[in-house]
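Q: Hi! Could you walk me through this one with me?

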Amino acid sequence: MRVTFTANGKPVEADDVWEGESLLYVLRERVGLPGSKNACEQGECGSCTVYLDGVPVCSCLVAAGQVQDREVRTVEGLTEEGGELGLVQQAFVDAGAVQCGFCTPGLLVQTDALLAQDPQPSDTDIREALSGNLCRCTGYEKIMDAVRLASARTCAKAVSE
């Protein structure tokens, strides 16, 4: 089947999609957006998190056919105009929260969603928002630092505008 949807603001078509194919597979292998990672294929690790119509979802659990005529935003869609790193992405780099990078795409999307909802989350709010994302490298403290830094920069940007 053919699946037509919008990915990061651009219309895309994926041909020869089979019935059980995941959105994750279509994004990575058919559309050329490899940022979301394929780790557990069971929705347990969060590495494949993308926005679907503005809501974070594990793309490994979404059948590709379910995105027909819908909006998908991946980690690649978090960049600024001109390809510069987005605010959340830069905060993760600056805080040293990126190690092996496997969990990072999902953490970035989930952090972006959290800060869109609450620009000044408490540590408890951050932990809860990221609870579906597993990281085996950082011990989470640098990730927490990155979210706090992104929060501070988000608030500073809002004040300056």
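Q: How many bridges join strand 3 to strand 4, and do they run parallel or antiparallel?
A: Strand 3 and strand 4 are antiparallel, with four bridges joining them. Strands here are DSSP runs of E with at least two residues, helices are runs of H or I with at least four, and both are numbered from the N terminus. Two strands count as paired if DSSP finds at least two bridges between them. This is a predicted model, where local features need pLDDT of at least 70, side-chain atom pairs count only at pLDDT 80 or more, and totals for chains, interfaces and linings use all residues. Residues are numbered from 1 along each chain as its sequence is written, and side-chain values use heavy atoms, leaving out hydrogens and water.

Q: Nice. What stands opposite L52 in strand 4?
A: That's V55. On the strand 5 side, L52 has V72 as its bridge partner. Strand 3 and strand 5 pair in the antiparallel sense over two bridges.

Q: Which way do the side chains of strand 3 point, and are they buried or exposed?
A: T49 and Y51 point one way, V50 and L52 the other, and all are buried. Buried means under 20% relative accessible area, exposed means over 50%, and partly exposed is in between, using a 1.4 Å probe and protein chains only.

Q: What about the turn, which residue has the positive phi there?
A: D53 does, with a phi near 50°. The hairpin of strand 3 and strand 4 has two residues between the strands.

Q: What does D53 form a salt bridge with?
A: Its partner is R70, with the closest N and O atoms 2.6 Å apart. D53 lies in the loop between strand 3 (49–52) and strand 4 (55–58), and R70 in the loop between strand 4 and strand 5 (71–73), so the pair ties together parts 17 residues apart in sequence. D53 is partly exposed at 39% relative accessibility, and R70 is partly exposed at 30%.

Q: Switching topic: how many salt bridges does the structure hold?
A: Nine. A salt bridge here is a side-chain nitrogen of Lys or Arg within 4 Å of a carboxyl oxygen of Asp or Glu.

Q: Which helices do D94 and R153 sit in?
A: D94 is in helix 2 (residues 87–94) and R153 in helix 5 (residues 141–160), 59 residues apart. Their salt bridge has its closest N and O atoms 2.8 Å apart. D94 is partly exposed at 42%, and R153 is partly exposed at 30%.

Q: And which residues are linked in a network of salt bridges?
A: D123, E141, D145 and R148.
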